[in-house]
Amino acid sequence: MLEGENTYEKRKKVSSSFIYFFGAFGGILFGYDIGVMTGALPFLQHDWGLAGKASLIGWITSSVMLGAILGGSLSGLLSD
């Protein structure tokens, strides 16, 4: 085996570890976002008069995730 091949294999393993780490980190952030939104919902219901309007509350909660999808999609274009 050549020396260059061994270096490539080490680099490949490090790259996959980073992918796994950031994939797990994305899941943690997803949970954190849901937790923050859950804490804000009682205040939104009171201030905006949303008591009993479950579908509207669902839209507000899901808009956080829709914004994350849009931001994730556009960040690739912006980084290029």
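A residue counts as buried when its relative accessible area is under 20%, as exposed when this is over 50%, and as partly exposed in between.

Figure 1. The model shown is predicted. Of the 80 residues in the protein, 9% are buried.

**Figure 2. A nonpolar patch on the surface.** The patch is formed by Phe-18, Phe-21, Phe-22, Phe-25, Ile-28, Leu-29, Tyr-32 and Val-36. Together these residues have about 870 Å² of accessible area. One of them, Ile-28, lies in helix α1, which covers residues 3-48. Ile-28 has a relative accessible area of 57%, and the cut-off for exposed is over 50%, so Ile-28 counts as exposed.

**Figure 3. The aromatic cluster of Phe-21, Phe-22 and Phe-25.** Two aromatic pairs are found in a search of the whole structure. In the pair of Phe-21 and Phe-22, the ring centres are 5.0 Å apart and the planes stand at 75 degrees, so this pair is edge-to-face. The rings of Phe-21 and Phe-25 have centres 6.0 Å apart and planes at 15 degrees, so this pair is stacked. The cut-offs behind these two names are planes over 60 degrees apart for edge-to-face and under 30 degrees for stacked.

**Figure 4. Phe-21 and Phe-25 along helix α1.** Phe-21 and Phe-25 are four residues apart in this helix, and therefore about one helical turn separates them. An α-helix has 3.6 residues a turn, so residues three or four places apart point the same way. Phe-21 is partly exposed, at 48% relative accessibility. Phe-25 is also partly exposed, with a relative accessible area of 38%. Phe-22, the remaining member of the cluster, has a relative accessible area of 53% and is exposed.

**Figure 5. Helix α2, residues 54-79.** This helix has 26 residues. From its first C-alpha to its last it reaches 38 Å, close to the 38 Å expected at 1.5 Å a residue. At Ser-63, α2 bends by about 30 degrees. Which residues of α2 are buried? They are Ile-57, Ile-60 and Met-65.

How values were computed: Residues are numbered from 1 along each chain as its sequence is written. This is a predicted model: local features need pLDDT of at least 70, side-chain atom pairs count only at pLDDT 80 or more; totals for chains, interfaces and linings use all residues. Side-chain values use heavy atoms; hydrogens and water are left out. Buried means under 20% relative accessible area, exposed over 50%, partly exposed in between (1.4 Å probe, protein chains only). Patches are made of residues with over 30% relative accessible area and no salt bridge: like charges are joined within 9 Å, nonpolar side chains (Val, Leu, Ile, Met, Phe, Trp, Tyr) within 5 Å. Accessible areas come from the Shrake-Rupley method with a 1.4 Å probe; for residues, only the protein chains shown count as cover. A salt bridge is a side-chain nitrogen of Lys or Arg within 4 Å of a carboxyl oxygen of Asp or Glu. Helices (H or I, at least four residues) and strands (E, at least two) are DSSP runs, numbered from the N terminus. Rings of Phe, Tyr and Trp (its six-membered ring) pair if their centres lie within 6.5 Å; planes under 30 degrees apart count as stacked, over 60 as edge-to-face and the rest as tilted. The expected span of a helix is 1.5 Å times one less than its number of residues. The bend at a residue is the angle between axes fitted to the seven residues ending there and the seven starting there.
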